[in-house]
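I set out to record the aromatic ring contacts first, and then the strand pairing. The entries follow in the order of looking up.

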Amino acid sequence: MSNLNPYKKKSHLWIAKTRKIIRMFSEDITATSTSKLLWIERKTINRWYEYIRKVIHHYAMKQDQEIWKWIIEIDESYFWPKRVRGKRWRWASNKIKVLWLLKREWKVFVQVVPDCSAKSLLPIIRGKIDTKDSVINTDWRHSYDGLIDLWYEKHHRVIHSENEFARGKKHVNGIESFRSFTKRRLAKFNGVKSEKFILHLKETEFRFNCWLVHENIYKQLLKILKSFTFGS
């Protein structure tokens, strides 16, 4: 009977219970609250939540192969997986560096990078954004200087250091909105382990993308989990 659960192989939970867990996850309810509401052990909920995040990450990796053409915003930032007293500045060695891309009104893409140098960022951008029919918006970070050499002829920049945040449609406000959304979500966990940071990051990407295109997260998760279980 355990193999009949369409959302996870060798699951010992009834399908109805499984769907309730997925529903709670989709509504961003914590594992602790879900455990209390469903009368299921916290360890079981933790395993399910981690499994769902791994499936989302697997799904996102497939989606990441898509090449974008449109108006694109690019930015980068630094994260502490856990707060450390006395460590605030972006050059602290153990901060996690993240590259953010936003296809306006459609989709976001995030990737952890070793550093925010041109050597690290430009190959990712080149592999993700088509040089034709694309308009790129960034700040004035020197890492983006080489975009023109990669045949991105439409590259607009805003100078945050001079209190410039938008010139008409030339801005990175959309990606900054997503970055703020990510930081608020991660803050409620009071820090996450470094090795699990990417799972939470990709989960946030998934949630934001569903919101952008008005997609029901719960229904999308049911579809993705079922597809992953049967390897299609």
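I searched the whole structure and found ten aromatic pairs; rings of Phe, Tyr and Trp (its six-membered ring) pair if their centres lie within 6.5 Å, with planes under 30 degrees apart counted as stacked, over 60 as edge-to-face and the rest as tilted.

I noted that Phe 25 and Tyr 49 have ring centres 5.0 Å apart and planes at 90°, so this pair is edge-to-face. Phe 25 belongs to helix 1 (residues 15-26) and Tyr 49 to helix 3 (residues 42-63), 24 residues apart. Helices (H or I, at least four residues) and strands (E, at least two) are DSSP runs, numbered from the N terminus.

I looked up Tyr 59 and Phe 206 next: with centres 6.2 Å apart and planes at 90°, they are edge-to-face. Phe 206 is buried at a relative accessible area of 6%, whereas Tyr 59 is partly exposed at 25% (buried means under 20%, exposed over 50%, partly exposed in between; 1.4 Å probe, protein chains only).

I recorded the sources. The model is predicted: local features need pLDDT of at least 70, side-chain atom pairs count only at pLDDT 80 or more, and totals for chains, interfaces and linings use all residues. Residues are numbered from 1 along each chain as its sequence is written, and side-chain values use heavy atoms, without hydrogens and water.

I then turned to the strands, which pair if DSSP finds at least two bridges between them. Strand 1 (residues 71-79) and strand 4 (residues 135-138) run parallel, joined by three bridges; Ile 71 has Val 135 as its bridge partner.
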